[in-house]
Structure formats: C-alpha cells, structure tokens
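Please keep the sequence and the model in view while reading.

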Amino acid sequence: MSSSPLFYQAGPALPEVSHAKGIYLWDETGKQYLDGCSGAIACNLGHGREDIRQAMLIQLDRVAFTYRTQFENAPAVALGQALVELTDGELEKVFFVSSGSEAVESALKLARQFFVAKGEPQRQRFVSLRPSYHGSTLGALGVTGYHPLEAPFADITLGSLKVPGPDFYRHSDADDVRHVERVLGDTRAAIKAAGPETIIAFVLEPVGGASTGARMLDRRYLEGVRALCDEFGCLLILDEVLTGIGRTGAWFAYQHYGVTPDLLATAKGLGAGYYPVGALLSRADIVDTVMTAGGFQHGHTYAGNPLACATGLAVIEAMRRERVLDNVATRGRELQEGLQVLKARYSWVGDVRGLGLLWGVELVADGDAKTPFPAEQNRFARITALAKEEGLLIYPRRTLDGVAGDHFLVTPPLTIDAANTAELLARLERAMARFDREVTVSTPTNALTS
C-alpha cells in the first residue's frame, strides 16, 4: 500500500509536478513534458496565462463566492450571454455547474422534469451509444457505455437503452452510406421495441471522446438521430463536455454538422484548467415549461459562483481576441498530416481519426483484419509510458467497450503553434519507434506485415 493519503491513483507512483508554462510542464526533477493532451483535454489555452490570472485576481478582490439563491452576479450573467451567443442564439438558457459529469447529470434531470411538467411521466429512459462516456455520477454513468466503469454499479443505476453508433473504421457494410442507414434502422427498431413513449432523450457526443478514441459521426447520422427524436417526441442531448469551447475548430462540434440539439452539456475547456466550471445550455421553451411547473429541482453549491464564471468569461474573451478557432483549424491539419505519416510507417496503427485538435490513434495487432492486441498486453498503457519517457503526455484508453482494443488521444492546447506541433510529432515518433521495436519482438511477423 502507498503511504500517500490519496487513493485516486492506482499503479506506479507518479512524478510530482513542479510548474507549467504554455504547453509545457516540469516535474520536481526538472524534466520537461509537452502537454499533448491538455491534461484531461481541459487545458485548452495552455498553462500560466497572465490574462486569465489577472481576470481571476480582479474577481477575487471583489468577491469569490456568492450563492445563486441569494445574489445574482455580473460574471455569471455575462458568461451566460456569451455562451448563448456561441450557439448563435439557438440555445437560449444556461445553468452553471462545476464539471462535465454535473453538466450531463443536469441535462438528464432537466429533460426528465420537462416531460413530467408536460404530463408525460411515462418517459423514464434514455438512449445512448455503446461505447460512450458521459460522466461518473450515477445518472451520467447510467447513459455511459463503457463496461469496466458500469459493472460495479449496474444494479444501482438506471441504465439507458444502449445502441451501437457508426463505426466507419470497422464496419463491413457496402459503404459508409449504407452503414449509417443500417445503424439508424437498427436504432429505430430498438426504440420501437422499447416503446418510444418511454424515451426521454437520446444522448451522444458529436465526436467521440476518450471511450472511443475520437470515433467520428457524420451529418447523415446526426440528421437521422435528430429525425428519430422528432418522430418519437423525445429530446436530443449533446454531450460536448470534451468537444465544446473550440476543441474541434468550431465553438461546439455540432456546428460542423448543422444539427441543433435541445440540450447541450459542456465543461472542461470552458475553464481551460484554471477553475472548474461547466454549463448546461437549453432551448428556452424547455426551461420555461419546467420553471412554470415549480422550478428546476436541482442545483449545486458552487453553481454559477463569480470566480468560476469570471474565469470562463476570460477564456472565451481570450479565444475571440486571439482567433483561436483559426489556429485550431490550421494546427489540426498539420497534426492530421503528421499522424497520417506515422500511420503509413507503422502497420500497427490501424486508424487515425478526428477533427480540429481532437485526434485518436487506434492500435491493432493486424492492420488488415483490424484485430486488436490481446487485452492483457495493455498496449495503450505501454505507448503512453514510452511517450512520457520522451517528454510527451498523451491520453490513453481502451477502444472496444473498455474491455479490448487500444487507442490514445492527441489533444494539445488550442494555442499550440506550428513549431510546437512539429515538436509534438517528433516526440511521438520517437515513442512510436521504441514501441515498434517492442511489438516486433513480441508479435508474429505475419501479424505486422499482413
């Protein structure tokens, strides 16, 4: 047993962080790390920014905390208005929280209260994808499709109706169009079998996150899901905890597809790692219905506190001022090109997929058959360790429902420049070269060259 009082970290001891600046962190020994994953895909503007610090200090000198039932505060109002503007006014109401799990949980509860207020209490279930990840609170976990996280709590959560989403890498349909048509047809059949009148909402990420390694959807699929929600009278909830606030090159990923949700959850990049803040955005009529029926029966102590909201507002203002979305588009193309070069070099890179500065790299034992490495080899953990030895932080997970497959995310701060992007790729290349030597020793030659 570790002597540390902290028990959230399993496995070997970690280096102690010393300080950070820009896209780099240093441990107490002086070793430098390039933050190729923005921490937990949260530090969107990098570390140690003086403008964010000043905005926080100014608010600290005024008031750090007020409770939402006692006072309104200007930063909360301003940040709420800014978020509405980022949706071009399509989502008009905002409810602040402190994390992504809380944002998703709030969306689920608001959607349920909406139907109770409308006299449709029989709507008691959600639809979500397997695999997926939507948070660690019990409600958010109920719509998560990731077996290791679900298993210990399966008997105390209200599990959603889990359906497969598109898999443009592994499907065996005639083409992508037919694949989407089949997936939507299967989804429609599953909802019909479950009873459309029992469905509250469909919950999904417009671009996959850590659970799928940036697995992509497309406009046809999202339009199909939107149509199903409209047909069956349920809501569409988009989880943009990870993809929101510019990560994909638009303020929100749904804006790439032109499919507007009824509710949207965001967090992570909203505070950019400087202070915990998240938000639920909603259509006004949903909120009006719930408020008229007695109010939203939900809330958190730190929801909408002035320091959090001042931080979030400073993040959005900095992104606008520095035209960060333009940088995401440019750097994203450079990162994609570099990752594709590495894919062509190493046969165990099965797929490179993503958007903006959200990229997933899937590892396979057999490139043609798309066969995953044996789960017990923990290849996702090994390549992450090698990258860290090379001074690069990446974000690993299992690809196939959390029980098999290997991938890692490359998600650097949105402010990364061309030189740092090249450096990121160089450090990754060194780690992949070392990984390749290990794979070559432990894997039969025909699995690597087939």
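How many helices and strands does the chain have?

## Overall architecture

The chain has 14 helices and 15 strands; helices (H or I, at least four residues) and strands (E, at least two) are DSSP runs, numbered from the N terminus. The radius of gyration is 22 Å, close to the 22 Å that the globule rule gives for 450 residues, so the chain is as compact as a globular protein of that length. This radius is taken over C-alpha atoms, and the globule rule is 2.2 Å times the number of residues to the power 0.38. Along the principal axes, the C-alpha trace spans about 65 × 55 × 45 Å. Of the 450 residues, 56% count as buried, where buried means under 20% relative accessible area, exposed over 50%, and partly exposed in between (1.4 Å probe, protein chains only).

The model is predicted: local features need pLDDT of at least 70, side-chain atom pairs count only at pLDDT 80 or more, and totals for chains, interfaces and linings use all residues. Residues are numbered from 1 along each chain as its sequence is written, and side-chain values use heavy atoms, with hydrogens and water left out.

## Strand β7 and its neighbours

Strand β7 (residues 199–204) is mostly covered, with 6 of its 6 residues buried. Strand β5 (residues 125–129) runs parallel to β7 and is joined to it by 4 bridges; two strands pair if DSSP finds at least two bridges between them. Val127 has Phe202 in β7 as its bridge partner.

Strand β8 (residues 235–240) also runs parallel to β7, again with 4 bridges. Here Ala201 is partnered by Leu235 of β8. From β7 the chain passes through helix α8 (residues 219–232) to β8 in a right-handed β-α-β crossover. Right-handed means that, with the strands pointing away from the viewer, the path from the first strand over the helix to the second runs clockwise.

## Cavity and pocket

The structure holds 1 cavity of 30 Å³ or more. The largest cavity has a volume of about 130 Å³. Of the 14 residues lining the largest cavity, the closest to its centre are Leu129, Pro131, Glu205, Gly208 and Thr212. On a 1 Å grid over the protein atoms alone, a cavity is a set of points where a 1.4 Å probe fits but cannot get out, and a pocket is an open set with protein on both sides within 12 Å along at least five of seven lines; lining residues have an atom within 4 Å of a point. Grid points are joined across faces, edges and corners, and a volume is the space filled by probe spheres set on the points.

The second largest pocket has a volume of about 670 Å³. Its lining comprises 24 residues, of which Glu72, Lys93, Val94, Phe95 and Phe96 are the closest to the centre. Helix α3 gives the most to this lining, with 5 residues.

## Individual residues

A cis peptide bond joins Arg130 and Pro131, with omega about 5°. Pro131 is found in the loop between β5 and α5 (138–142).

Lys268, although not a glycine, has a positive phi of about 35°. Lys268 lies in the loop between β9 (263–266) and β10 and is partly exposed, with a relative accessible area of 28%. Asn378 also has a positive phi, near 50°, and is a residue other than glycine. Asn378 belongs to the loop between β12 (358–363) and α12 (379–389), and its relative accessible area of 32% makes it partly exposed.
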